[in-house]
Amino acid sequence: MHIQRLLEQNLPPESISFREGPRKLKVPYIATNDVLRMANEIFGENGWSSNVKILEQDFCEEVNGRFNCSCSAIVRITLRDGTYHEDVGCGVTTNMETREKSIMVAKKKAVSDGIKRSIRQFGRALGSNLQQKSFIDSLPKNNL
């Protein structure tokens, strides 16, 4: 099947999970390993690449001997033909036992978030419709 037709397909419901978001709303997301697997299936394992353009520590604070950090990353996803999308990702840690671990985990989360936010711009099959209420409402209720 042609890549564009693959990208136009909806995400399979079993690849969508939900987490608690602001105001206790259910927020849909796709696990990073699922996004990477789907990108490899659609573009081929050597058909795309990711590049972290910027990775910054926004803050890291100690509270009662524990650490809270936030990092941000700008990630670019480039296809073999040179087409690319980039976006910003954010990673936050709370109540970590060491500053180093808090920073490291926040950086990993920021890069993972940046990959997912960048790659979803290629089409529905990679998550571009996760913010569309009509798509979320159409999911089987056992996903919620």
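This briefing covers the cysteines, a strand hairpin and one arginine of the structure above. The model is predicted, so local features need pLDDT of at least 70 and side-chain atom pairs count only at pLDDT 80 or more, while totals for chains, interfaces and linings use all residues. Residues are numbered from 1 along each chain as its sequence is written, and side-chain values use heavy atoms, with hydrogens and water left out.

**Cysteines**
- A disulfide is a covalent bond between the sulfur atoms of two cysteines.
- Counted as a pair of cysteine sulfur atoms within 2.5 Å, the total is one disulfide.
- Cys60 and Cys69 form this disulfide, with sulfur atoms 2.1 Å apart.
- Cys60 is buried at a relative accessible area of 18%, where buried means under 20%, exposed over 50% and partly exposed in between (1.4 Å probe, protein chains only).
- Cys69 is also buried, at 0%.
- The sulfur of Cys71 is too far for a bond, because the closest cysteine sulfur, in Cys69, is 6.2 Å away.
- Cys90 is partly exposed, at 43%, and its sulfur is 8.3 Å from the closest cysteine sulfur, in Cys71, too far for a bond.

- Strands are DSSP runs (E, at least two residues) numbered from the N terminus, and two strands pair if DSSP finds at least two bridges between them.
- Strand β4 (residues 66-79) pairs with strand β5 (residues 84-96) in the antiparallel sense over 11 bridges.
- Phe67 has Met96 in β5 as its bridge partner.
- Four residues lie between the strands, and Gly82 of the hairpin takes a positive phi near 95 degrees.

**Arg19**
- Arg19 lies in strand β1 (residues 17-20) and is partly exposed, at 45%.
- Tyr29 is 10 residues from Arg19 in sequence and 7.5 Å away in space, C-alpha to C-alpha.
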